[in-house]
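Please read the following note alongside the sequence and the structure. It is arranged as numbered points, each on one topic.

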2 protein chains.
Amino acid sequence: MVQCPPASVGMSVSEIDTPALVIDLDIYERNLDKMAQMMKSSGKIFRPHAKMHKSPLVADDQIKRGAIGVCCQKLSEAEIMADGGISDILITNEIVAPGKLDRVAELSKKIKLGICVDNLDATQALNKACARKNTNIRVLIEIDVGGNRCGVTNSTNTVALAQFIINSSHLNFGGLQAYHGAAQHLRTPKERADTVSSAAKIVSETKKALSDANIDCELVTGGGTGTFMHDKDYNEWDELQCGSYAFMDADYGKNQLSEIENGTGFEHSLFIQTMVMSTNQPNMVICDAGLKAIASDSGNPLIKGFEHLNYRMTSDEHGNIDLDDNTTFNLGDRVLLIPGHCDPNVNLYDWCVGVRNGIVEKIWPVAARGAIS
Amino acid sequence: MVQCPPASVGMSVSEIDTPALVIDLDIYERNLDKMAQMMKSSGKIFRPHAKMHKSPLVADDQIKRGAIGVCCQKLSEAEIMADGGISDILITNEIVAPGKLDRVAELSKKIKLGICVDNLDATQALNKACARKNTNIRVLIEIDVGGNRCGVTNSTNTVALAQFIINSSHLNFGGLQAYHGAAQHLRTPKERADTVSSAAKIVSETKKALSDANIDCELVTGGGTGTFMHDKDYNEWDELQCGSYAFMDADYGKNQLSEIENGTGFEHSLFIQTMVMSTNQPNMVICDAGLKAIASDSGNPLIKGFEHLNYRMTSDEHGNIDLDDNTTFNLGDRVLLIPGHCDPNVNLYDWCVGVRNGIVEKIWPVAARGAIS
């Protein structure tokens, strides 16, 4: 259920109820501006992924800077974005449950909606749902470009599915989704560049197969914060979907070490504010953020300003900082953590506390928190 | 923010919107009854931990079966339990923020409330907060029994803190909390038995030191689902706090292999229902539950009925099942997962869907979901 906001506007950052999700607004806005500028230079359409921030207000900040709309990963997420005033949404995922397809059709009557498919039967069911609701929807075929997850795995099947979409009464073929999820998190720039290059080959071959079948591929969408610096130089992609760049996290930070150093990378704007709550142990202190406050799938969070120390989630509600000889923390001290993985971490909180110059400036709901269906 | 319930009462389990948290009510009730019986036989007070289920309705089911009240780990959790009608709560954790101490004092005027301390300054601040609100509160000293987390680490300091509490105007000394968190998850019964035995020695020594100082130690509380089969045989503990037994999880299941086999263990009543959403890959299928639907800190979930197969969270919203030669899943198939760790997993969901004989029988809110402060 929804919790009370952990702060109020005008409060000092030292009064925030911990643990809380805190956004450094100066850094956040720098990240938004930097990506907007890069996208403008690249000539690509920019459709940032809202599965990271789950907030129509952040989406609005992105759209004001030139984004065409947003991506959502789940139908429930898209419904909340639409309720929040976002009028152009691509669901970058497959949906198969009959009840959900009816809701997709319903949503397509309210906003400019696109959706991905990778299976003929599910596409037929989507067409029927749209026919029942008397609506047409833009459909992109997701192709597997090496991620071994969703997507059609060969161009023969892609051409057949495109033909089926074109022949369907209530579907409009909108092109391809070519997103390589795993590539976003490869550690070295070379690994990511190589993976994007091989993904681009698959896109090229698929486009050629469609063209040979006289099918117009209007648009290819894909890319993310981990690979956009490569994606943007390929003609294969028309639209990019980066999302994490706005908040960043420890994992993406490791991937952008050189970019951050030379000023072309994105900075951490997302923090978990935690409080030291016990100091009896000789070589550690205990904080009030554990496994329910910090997503653990990408490892432990970094401690801002104390990146050489280790933060371990030792229970659902506790985190231990292992101290060195030169560092002390006192009971009640506030510590900022940089989470390992922004998306699931934001999804743990009902509120983002936006701060500037030590003062809480705005607080916004994570409106699609828990919208996982 | 709160999401819509994924089902309605009377619906078939095959109509639940996925991914969803599903409770098998027959098994859940068997677990509740079994623990109630064991606690009755042991002669211990039973105060189950509500940090696992985060629901006043589940707490009520436990109290109806003989529990004295519940434990909470966070103040916000305790406030929600109190709002839900639970009138006897122990906060099994330290609280240090001034704003929170005022709320603790406020809550103590409404219900029978206890709280843990492990620091003299924080205890003094708690007394002042209670004085301001003109209320008295029951205070237990948490002692470190080997878990290396919160708690006073030696009996001299415990005696001094107890004396301080006794001399404080608005605090009542209620005894000790002796909980060994890490011991709950040790894999072999022998490791757990040894750890409980050494924890009991520390409790004994501390009680003797208090007695030598003419301080009455009214009660010692502690224990959990991983160690209660040992804790219950020790006179050192008067009250046990087991919580996970009601739902269970894959990690506790591994610890109770022999007990489950011989019928004395607890069964899995908690599942994540997920749907197969993509089937193009040769040796795997993709489901709709990823890192936002499954807590990953205790490893991958088990697949009910297909425990030999592996479920990997391959994104925030995807999970891959690696198939063997004898298993196929079709698009739209529903699969039940047994999560690795119940507490943070329940905390990801707004609703528990209670099912019996294939039908949704009741749906209850995870009222303290996100109550992490």
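Predicted model: local features only at pLDDT ≥ 70, side-chain atom pairs only at ≥ 80, totals over all residues.

1. In chain B, strand β8 (residues 220-222) and strand β9 (residues 239-240) pair in the parallel sense over two bridges. Strands are said to pair here if DSSP finds at least two bridges between them. Across this pairing, G222(B) stands opposite L240(B) in β9(B). The strands and helices named in this note are DSSP runs, numbered from the N terminus: helices are H or I runs of at least four residues, and strands are E runs of at least two.

2. Residues are numbered from 1 along each chain as its sequence is written, and chains are lettered from A and ligands numbered from 1 in the order in which they are written.

3. Chain B has an open sheet of eight strands in the order β2-β9-β8-β7-β6-β5-β4-β3, with parallel pairing. Its edges are β2 (45-46) and β3 (70-72) of chain B; each has a single partner strand, so one side of each is left without a neighbour in the sheet. Helix α3 (residues 75-83) of chain B packs on this sheet, where it touches β3 and β4 (88-91) of chain B, and its direction makes about 175° with that of β4(B). For such angles, axes are lines fitted to C-alpha atoms, for helices over the stretch in contact, and the angles run from 0 to 180 degrees between N-to-C directions.

4. In chain A, eight strands form an open sheet with parallel pairing, in the order β2-β9-β8-β7-β6-β5-β4-β3. Here β2 (45-46) and β3 (70-72) of chain A are at the edges, each with a single partner strand, so one side of each has no neighbour in the sheet. Within chain A, strand β7 (residues 171-177) and strand β8 (residues 220-222) run parallel and are joined by two bridges; Q177(A) stands opposite T221(A) in β8(A). Helix α3 (residues 75-83) of chain A packs on the sheet and touches β3 and β4 (88-91) of chain A.

5. How many residues of α3(A) are buried? Seven of its nine residues are, and the helix is therefore mostly covered (a residue is buried if 20 or more other C-beta atoms lie within 10 Å of its own, exposed if 12 or fewer, and partly exposed in between, with C-beta atoms placed from the backbone). The buried residues are L75(A), S76(A), E77(A), A78(A), E79(A), I80(A) and M81(A). What covers them includes α2 (56-64), β3, β4 and α4 (98-108) of chain A. After α3(A) comes G85(A), whose phi is positive, near 100°.

6. Chain A also contains antiparallel pairings. Strand β10 (residues 270-278) and strand β15 (residues 334-338) of chain A pair in this sense over four bridges, and Q273(A) stands opposite L336(A) in β15(A). Strand β12 (residues 302-303) of chain A also runs antiparallel to β15(A), joined by two bridges; the bridge partner of L302(A) is I338(A).

7. Is D144(A) buried or exposed? It counts as buried, with 22 C-beta neighbours inside 10 Å. D144(A) lies in the loop between β6 (137-142) and α6 (155-167) of chain A. Leaving aside neighbours within four places in sequence, D144(A) is in contact with G151(A), V152(A), T153(A) and N280(B) (contact meaning that the C-beta atoms, placed from the backbone, lie within 7 Å). D144(A) and Q177(A) are 33 residues apart in sequence and 8.7 Å apart in space, C-alpha to C-alpha.

8. The contact between the chains takes 60 residues from chain B and 60 residues from chain A. On the side of chain B that touches chain A, α5, β10 (270-278) and α11 (342-346) of chain B each supply at least two residues, and β10(B) gives the most, with three.

9. K34(B) is placed in helix α1 (residues 25-42) of chain B. This residue is partly exposed, with 16 other C-beta atoms within 10 Å. K34(B) and R149(B) are 115 residues apart in sequence and 31 Å apart in space, C-alpha to C-alpha.

Methods
Contact = placed C-beta atoms within 7 Å.
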